[in-house]
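Let's take a short walk through this structure together. Have the sequence and the 3D view open as you read.

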Amino acid sequence: MSTAVKIYVPRDSAALALGADETAAAIQSEAKKRNIAIELVRNSSRGLFWLEPLVEVATQKGRVAYGPVQAEDVARLFDVGFQNGGAHKLGLGLTEEIDYLKKQERLTFARMGITDPVSLEDYQAHEGYAGLRKALEIKPTDVVQQVLDSGLRGRGGAAFPAGIKWKTVAAAQADQKYVVCNADEGDSGTFSDRMTMEGDPYMLIEGMTIAAMATGATRGYIYVRSEYPHAIANLNEAIARATKAGFLGDSVLGSGRAFHLEVRKGAGSYVCGEETAMLESIEGKRGIVRAKPPIPALQGLFGKPTVINNVITYASVPIILARGAAFYANYGMGRSKGTLPIQLAGNIKHGGLVEKAFGVTLRELVFTYGGGTASGRPVKAIQVGGPLGAYVPEQHWDLPMDYEGWTAVGATVGHGGIVVHDDTSDMRKLARYAMEFCAIESCGKCTPCRIGSTRGVEVIDRLADADRQGKPEVKAQQVKLLRDLCDTMVNGSLCAMGGMTPFPVLSALNHYPQDFGLSNPDKKAA
Amino acid sequence: MNKTTGTARNYPSSPQQKATVRAVLDARSQQPGALLPILHDIQDQLGYIPADVVADIAEALNVSRAEVHGVITYYHHFRSEPAQGAVVQVCRAEACQSCGSEALWEHASKSAAGHNVTLEPVYCLGLCATAPAVQIRDKFHARVTPTKFDRLLAQLKEAA
């Protein structure tokens, strides 16, 4: 063979955490030893994490996958000629034909695992920057209209229509406007932002640039949590390359319109995922929530009009511009348009990233894609939408995913994170943890959140004590107190931290009363 | 909860460290919202933020010392004193809990005692599909069992 074989080894954090660097090094040295010419590409992850490190080789038929490949497997793989697609027990066939991947509807994650994340050439060869070029051809108001018509809603959790935010900022008069990306993905069970920043950073950069062109903003910030060092490194490299190539800077693609972009690193504060706390943090202050109004679209960063969206929201924009609003709006159901990258996590056999149009059910996600629990035990509870999301009981597993439909039964789509628990999980402990987490992470500005969460931990502890000591009247009293406290937190907190912490607590109490030592549940909606 | 809360008066900065801080301030203080980038730079280079440089930072940014102190103590990431040995973070968020991270945390607490490490909880490393997750220095590890944890600690000792 005269030309080098292309071999792909992911450099996504999860793949690295499972030994991808060691696997890559073994492939390099083994190829050298055998005198086989290879070109090793460190791609991003396809998001099939139970198969990571997932090694792919380019063959005439397409890319062939092997996984999970540990360093010690590499010599045997060369023995069977895997670089030409040779058969091996780790062989998975053509990557694109893997069921988990084939059945998805990947719009935002279309490039994920395929390209070299920081290669601008790769990005453009796969439809990258088609959206921005389109946006520069039409009027800014038409760009906003496209986003409005697509029905895109914020993918960070609140699900506010992105186009309306953009329209407000575009209409505001100011000497300076900003585009800010909330990349403080702190919810347990979510990693689609991390994957995007590590695996397809130009998609986020392009989405933010389109937002800037649409609204007249000239500066942008990406606020990334410090727990994501690889994301920060990749973004910085991508921004430098995009600036050098003229996609960012004083004149974006020669349009005469400026957009400068910078990464800001967070410092380990969960509440900075709330948009106003994040703005305070970027401004160099403690991340304490601001009261609204004024809304950030009018008075945001440094008091100026600011577009704030999360990673997946911006990342959804390039394809909307490139292919048109109608194309995107054709996916989904009701007022939930397009697709959502859903993250299957926790105690699940096939954990990973599944992008589907709205309308998919939890049962399909957890059992058809996820394959049930990793432990092989029955699924007991599924928490959806992060630490502030409810535990969804089996009666709702067949409900199509839709913002309004889920809200009606007390569930939260949130950022699309799904955490599975098997029957060994203790829901009382998880409810207590929710309160404890709120107590640790509360910014302290409002009393229901700051004090309520601490009291919540105490009440749940007293409830457990009463259960152990067999005091039913004390138990009943503490349950009443807990509900009361949750009511105060829901209705009296400034932001989602205190306002939603009761969701996991109450859903645990309502749907799993036996874990609280209650046999006769006092059913109330979460 | 996941940071040291000592008074930090035992760790004054050396002249060399002061110079590092000065260089950071010169490079950053004109940047809008410069405080977090400054604190990150200082901690990345010194391993912590010495209490006696708070006044220098405050002066460079024209804010009060209380404001700078408030920011340092608000964020879990910033340290007012050096970490002992390698920083070992065990994720204790829900996804990791569903795969046994509470038992791993208990095990780690005992194991870490015999090693020169700073053990800390962390609430999500974004490795939720391959839980439980651990970060040691700058390296991530997924599906960490107690046995694997001890092996990682042993490797750390070997490397030292």
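Which domains does the domain assignment give for chain B? It gives domain 1, residues 15-74, and domain 2, residues 86-159. Taken over C-alpha atoms, the centres of domain 1 and domain 2 of chain B are 30 Å apart. Please keep in mind that this is a predicted model.

Now for the strands of chain A. Strand 7 (residues 219-224) of chain A runs parallel to strand 8 (residues 260-265) of chain A, and 6 bridges join them.

| Element | Residues |
|---|---|
| Strand 7 of chain A | 219-224 |
| Strand 8 of chain A | 260-265 |

Next, the nonpolar interior. In soluble globular proteins, nonpolar side chains tend to be buried together. The largest nonpolar core here has 100 residues, and Val180(A), Ile57(B) and Tyr75(B) touch the most other members. Helix 17 (residues 427-441) of chain A gives the most to this core, with 9 residues. A second, separate core has 54 residues, including Tyr129(A) and Ala238(A).

Finally, have a look at His88(A), which sits in the loop between helix 3 (74-79) and strand 5 (91-94) of chain A. Is His88(A) buried or exposed? His88(A) counts as buried because its relative accessible area is 16%, and the cut-off is under 20%. Its side chain reaches the backbone nitrogen of Leu90(A) at 3.0 Å. Leaving aside neighbours within four places in sequence, His88(A) is in contact with Tyr66(A), Arg76(A), Leu77(A) and Val80(A).

Note on methods: Residues are numbered from 1 along each chain as its sequence is written. Chains are lettered from A and ligands numbered from 1 in the order in which they are written. This is a predicted model: local features need pLDDT of at least 70, side-chain atom pairs count only at pLDDT 80 or more; totals for chains, interfaces and linings use all residues. Side-chain values use heavy atoms; hydrogens and water are left out. Two strands pair if DSSP finds at least two bridges between them. Helices (H or I, at least four residues) and strands (E, at least two) are DSSP runs, numbered from the N terminus. A nonpolar core is a set of buried Ala, Val, Leu, Ile, Met, Phe, Trp, Tyr and Cys residues joined through side-chain atoms within 4.5 Å. Buried means under 20% relative accessible area, exposed over 50%, partly exposed in between (1.4 Å probe, protein chains only). Domain bounds come from an automatic or database domain assignment. A polar contact is a pair of N or O atoms within 3.5 Å; within protein, one must be able to donate a hydrogen and the other to accept it, and residues adjacent in sequence count only if both atoms are side-chain atoms. Contact means heavy atoms within 4.5 Å.
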